[in-house]
Amino acid sequence: MKLKTKLSLGMGFLFAVILIFGILGIFYITRLKDDATRIIENNHESLVYTNHMERALNSLQTSNNALTEFEKYLKKQEKNITEIGEKEQTENLRRNFELLKTDKQNGSTILEIRTNLIAVSEINQNAILRKNEIAQHTADNAIVLLTILFTILTLITFSFVINFPDIISTPVRALAEGISAIANKQYDERIHIDQKDEFGDLANAFNSMAEKLDAYEHSNLARITFEKSRIETIINQMKDGIVGLDEKRNILFLNVVAENLLGLKEKEIIGKYAPDIALKNDLMRKLLLSETDHKELKIYADNKESYFNKDVFLVMNEDVIIGQVVVLRNITPFHELNEAKTNFIATVSHELKTPLASIKMSAKLLTNEKVGEFNSDQKDLIHSIVEDADRLLKITGELLNMSQVETGNIQLKLQSVSPIEIVENAVQTVLFQAQQKGIEIRLSSMEGLPNIYADKEKAAWVLINLLTNAIKYSYENTKIDLGIIQQKKHLEFFVKDYGYGIEEKYLPKIFDRYFKVPGTHERSGTGLGLAISKEFIEAQQGCLTVSSNLGEGSRFSFSLPLF
Ligand code: ADP
């Protein structure tokens, strides 16, 4: 039965209860009222008339209009005959009254009339008693009937009141429970309502929805599981170590390489808070440090010193960070190749140095007049041989220095050094070059400067390199300022030229290995000089800096600690 029908029936029943009670109540009250009216109209009034007639009869001797009065009530009585026998008695009364009118003093007629009046009165009194009994009976019937009806209806209504809320609330509760189960992803939840009403339909609709969700979830789950194992396979096949963290930095996964590197098993640490693990694991701590702190990591792995590059990728979902993946890229092969290259360069440079030096020496000896006279063309050729040998020696020297830097083998002879000695040495070396371009090197006063704690040769090498660059990248017939500024704990050597200058965007790269400003006027050079200088100065606890403006010149300076 439909819920709507049930509700209609329930309401209809209550309406019927009210209607029946109302009708029965009105019916019985009307009946009782009718009985009362009948008693008053039919019998009580007859008693009143007989009473008046009695009084008129009594005042017959004293009152002149007693007969008129008697007749008036007799007429009323004649019109109010309602009981059996009342008519005969009233007719007797009329007959005797007519006799009385002719003989007022007739005692027997008066007696007859009195008897008639008593008879009429008695008939009506009896009728009143009888009708009262009937009314009493009607009232009793009404009470019994209404009481029985009231009891039955009360019982039915009571059972309605008890049961009806359940008809609604039970399925609503079942539906609410089902919905909350679905909200908690329990798609196997079903609702059982054996009612053929709207709730039954709702339960069926709910069950079919849950079934579809269940099927969807399972197909989704299968797809996700498939994707997961695919990604796991890929991750485990990779040669790089991979660690996945959620947004709270709990460990989600790590591949076999990461397991080996960290010396931890995935199943032992999965779900654990990574910083807790970092307390006992050095590598994990390095992995969790912010990216710039430890870009390249040196780890003992595969039975050798290995190098890893750390990359951190944030996992985003709709602009919200939901985790991060740390990738330890194994760059050991590149390191090994680089090392091989450095060794090769070092060996070649070293091997080239001796024959180059002897070429230079031989060429210089050729210029000696003892060897013989050369014409001017031959002299020019010999001069260019010496120049090229010089350039090659400089390059091999730089390459050798670079190999030292790259292998971390900078050999320092730190000692107390006079800064003036370094400056003089450097100026001496580049003087010829400067003069050739008509460049004047202006030295600022260097009196009373304290000694520094440095490697004399390397410091001079750096200064020579800066001066050579300043000459190289200056216009002809300009000036170069060279000076030393004393600071609290160090001396600052500076070389300022008024040459081409360097564009601001290239300044951060100027100290990178093999970097040359694009479109540089001087094409010769390896791009290693400044890189080596920086390493040399930093190895001596100093610092090399540059400031430059395009077209206005550059200022390079380095600091070295006081002795
Ligand atoms: P290079 O041997 O090429 O001079 P460096 O490492 O000494 O190598 O210099 C790197 C680059 O920096 C140069 O190629 C040049 O473009 C630029 N540079 C260095 N010094 C100066 C300077 N004083 N003025 C302008 N550019 C300079």
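**Aromatic contacts in the predicted model**

The structure holds 11 aromatic pairs, a pair being two rings of Phe, Tyr or Trp (its six-membered ring) whose centres lie within 6.5 Å, with planes under 30 degrees apart called stacked, over 60 edge-to-face and the rest tilted. This is a predicted model, in which local features need pLDDT of at least 70 and side-chain atom pairs count only at pLDDT 80 or more, while totals for chains, interfaces and linings use all residues. Residues are numbered from 1 along each chain as its sequence is written, and side-chain values use heavy atoms, with hydrogens and water left out.

One of these pairs joins Phe13 and Phe160, which are stacked at 5.5 Å centre to centre with 25° between the planes. Because Phe13 belongs to helix H1 (residues 3-58) and Phe160 to helix H4 (residues 107-183), this pair ties together parts that are 147 residues apart in sequence; helices here are DSSP runs (H or I, at least four residues), numbered from the N terminus. Phe13 has 22% relative accessibility and counts as partly exposed, and Phe160, at 29%, is also partly exposed, where buried means under 20% relative accessible area, exposed over 50% and partly exposed in between (1.4 Å probe, protein chains only).

Trp461 and Phe536 form an edge-to-face pair, 5.6 Å centre to centre and with 70° between the planes. This pair links distant parts of the chain, with Trp461 in helix H13 (residues 456-472) and Phe536 in helix H14 (residues 529-539), 75 residues apart. Trp461 is partly exposed at 23%, whereas Phe536 is buried at 1%.

Elsewhere, Tyr473, Tyr475 and Tyr500 form one aromatic cluster.

Terms used
Helices (H or I, at least four residues) and strands (E, at least two) are DSSP runs, numbered from the N terminus.
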